[in-house]
Amino acid sequence: MTLRYRLGVDAAPVHEAVAGVPRPPSPDDVRTLADEVLSGVYAGDLAVALERAASFCRILATGAAFDADAREVADPHGADRMTRGAADLERTAEEMEHAAASWRAGVLD
């Protein structure tokens, strides 16, 4: 996960600021953020937590896409799985952002 975060963070600097991981991130930094935000330990505003998690997912998706490109020749099936995983993370980020907007509008179920 840390490698994909590092690969994605340079292409998504705005998301890095929202995600809240120090630069350069260590494996422990990424793990701590994942534990706090993605597991629900974050105790602040729910919309902010959702947006932070979405940014984290977008960074990982970008890193996975770069990783997939690098592996394409050596492992086309693995690269295809990574590309699909990146697309899934991107959809998850979109859903989290939609949920954050719904929470702010008072219509999140």
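Predicted model: local features only at pLDDT ≥ 70, side-chain atom pairs only at ≥ 80, totals over all residues.
Q: With which residue does the side chain of Arg84 meet in a salt bridge?
A: Side chains of opposite charge can pair when their charged atoms come close. Here the side chain of Arg84 meets that of Asp80 in a salt bridge, with 2.7 Å from N to O. Asp80, at 39% relative accessibility, is likewise partly exposed.

Q: Where do Arg84 and Asp80 lie, and how many residues apart are they?
A: Both residues belong to helix α5, where a separation of four residues places them about one turn of the helix apart.

Q: Which side chain meets that of Asp88 in a salt bridge?
A: The side chain of Arg91 does, at 2.2 Å from N to O, and these two residues also lie in helix α5, three residues apart, which is about one turn of the helix. Asp88, at 39% relative accessibility, counts as partly exposed, and Arg91, at 42%, counts as partly exposed too.

Q: Which parts of the chain does the pair of Glu90 and Arg58 link?
A: The side chains of Glu90 and Arg58 meet in a salt bridge of 1.8 Å, N to O, and this pair links distant parts of the chain, with Glu90 in helix α5 and Arg58 in helix α4, 32 residues apart. Glu90 is partly exposed, its relative accessible area being 26%, whereas Arg58, at 13% relative accessibility, counts as buried, because the limit for that class is under 20%.

Q: How many salt bridges does a search of the whole structure find?
A: The search finds six.

Q: At roughly what angle do the axes of helix α4 and helix α5 cross?
A: Two packed helices are described by the angle between their axes and the distance between the axes. In this case the axes of α4, residues 46–71, and α5, residues 76–105, come within 8 Å and cross at roughly 165°. Since angles over 145 degrees count as roughly antiparallel, α4 and α5 are therefore roughly antiparallel to each other.

Q: Is the crossing of α4 and α5 left-handed or right-handed?
A: The crossing of these two helices is left-handed. Sorted by class, the residues in the contact of α4 with α5 comprise 22 nonpolar, two polar and eight charged ones.

Key. Residues numbered from 1 in each chain as written. Heavy atoms only, no water. Axes fitted to C-alpha atoms, helices over the stretch in contact; angles between N-to-C directions. Parallel < 35°, antiparallel > 145°, perpendicular 65-115°, else oblique. Left-handed = near helix turned anticlockwise from the far one by under 90°. Nonpolar A, V, L, I, M, F, W, Y, C, P; charged D, E, K, R; others polar. Salt bridge = Lys/Arg side-chain N within 4 Å of Asp/Glu carboxyl O. Buried < 20%, exposed > 50% of the residue type's maximum accessible area, 1.4 Å probe, protein only.
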